[in-house]
Amino acid sequence: MDLKHSASGAVESGDNYIATSKSTDMITPKEKEIKANKASNAPAEGYKVYARRWAVLILFVFYSASNAMQWIQYTIINNIITRYYGISDKWVDWTSMIYMILYIPLIFPGSWFLDKVGLRITALVGIVGTCIGAWIKVFSVDPSLFYVSFIGQAIVALAQVCILSLPARLAAVWFGPDQVSSATSVGVFGNQLGVAIGFVLPPMLVPNSESLETVGKDLQMMFYLVAGLTSILLVLMVLFFQDKPPTPPSAAQETSQRLEGNAEQQVSFMQSLKNLMTNRNFIFLLLSYGINVGVFYAISTLLNPVVLKYYPGHEVDTGRIGLSIVLAGMLGSVVSGIVLDKTHKFKETTLAVYALSMVGMWIFTFTLDTGHIAVVYLTASLLGFFMTGYLPVGFEFGAELTFPEPEGTSSGLLNASAQTFGICFTLFYSELFYSYGDVPANVAMAVMLIVGTLITAATGSDLRRQNAQVVSANARASNAAGSSADGGVDNSVAVNP
């Protein structure tokens, strides 16, 4: 391989190698931290990251967005869809809940599939399903063909099984230890970007017209636009989305790959599930994560009728408020990822973000009826910054608590918990809203977030992946010291699984 030296002395290759940054563990005792810092000065010959990782991550972001944008596609224009197809509000709500319902029974086979075939094949299956579902909707534009549209929505919902578990896995496989949390945040950003588009695009493309023929033409345009976009992404994914880099980017990933390649040490999928489900701290995280994301799903699904109750005729504003929630959440995700990478304080960050989500929910609840829609924009953005900003934090905390179990399995279980709570909370929120009004419904969700905050506070901080980095750094330091004493050079890497 053609190697060359940069001005800074870092080794680069013709394939755009970039040396990873040093790993630190902010939660270890001071003396261990000093040893780890010394160890990080030893040559990290075995751990390289590739510039192409950013192309893979960005492609995943748009792929994830193409699926997520269809989740809220119908409910954000609830009143228009019910009038065009002649169906009840409940059926429109089900176009959102079908995403949650189909994910739950498929999470285990989906996680097994990801572990067996890897990132590339899993992602390709997902984009093919998303594309097929989007094209089916193109042929559903007739007041009597809602069932065709629902079938298309169900296929897109099935495809999300090959998407939601990927961000943590992709970040661990491609990124170094000081970038993995930020990469996970960017991966989750794709889902949030899609939800944001789903909030704002349908009200713009399908305005509330008195003519059903006009509504039908607008729906046709929207469906064609989404189908065309997913088709382009399908081609790009086939051509450019790669499974993994030639060499592992970190000690933790090398350990995972070593276990996967060692038949004697490899843990079966069922054993991995058993390990996760007997991990007390992970069970607590499952509950708290499910509550937080479930509340977000419920609010997103019912946002249209809630806002229109106080601001009739503001369908476009409803979409923009949803957009504000998600855009603020994107910013929150990135900020949270950077904080985690810089401090490695997973428990503290998770608890702070969760508590602030709860505070944001209380503020949102009692500011809807101010008569100034700008206030709703502001409070919804505050809620979104913390509530959707919590998503990557939960993924990364889960990966830390469950290492060396596959990231796809732990994140898949977290998503399954979110879908389960999402279904329950959406049905509960809908019943309270239509029977008693928005205040009791929102107060119920705020109370749930209080419960989630208490569960988060009770969750232990067992950061196994960070400890693996420290053990590896100490081992490299010992090897380097031994080689110096013998007058030789030893570039081997020791990893304790």
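Start with α7, residues 180–205. This helix gives the most to the lining of the largest cavity, supplying five residues. Keep in mind as you look that the model is predicted.

Now for the cavity itself. To get to its middle, select L164, N191, Y297, L391 and N415: among the 27 lining residues, these lie nearest the centre. The volume here is about 340 Å³.

Next, colour the helices around it. Along with α7, select α2 (52–68), α4 (89–138), α11 (280–301), α16 (390–402) and α17 (407–436); each of these helices puts at least two residues into the lining.

What classes of residue line the largest cavity? Colour by class and you'll find 18 nonpolar and nine polar residues, with no charged ones.

To see the contact, show side chains for P167, A168, A171 and A172 on α6, then V180, A183, T184, G187 and V188 on α7. By class, that contact has seven nonpolar residues, two polar and no charged ones. So much for the crossing; leave α7 selected if you want to trace it back to the cavity, where it supplies five lining residues.

Note on methods
Residues numbered from 1 in each chain as written. Predicted model: local features only at pLDDT ≥ 70, side-chain atom pairs only at ≥ 80, totals over all residues. Heavy atoms only, no water. 1 Å grid on protein atoms, 1.4 Å probe; cavity = no way out; pocket = protein on both sides within 12 Å on 5 of 7 lines; lining within 4 Å. Points joined across faces, edges and corners; volume = space filled by probe spheres on them. Helix = DSSP H or I, 4+ residues; strand = E, 2+ residues; numbered from the N terminus. Nonpolar A, V, L, I, M, F, W, Y, C, P; charged D, E, K, R; others polar. Contact = heavy atoms within 4.5 Å.
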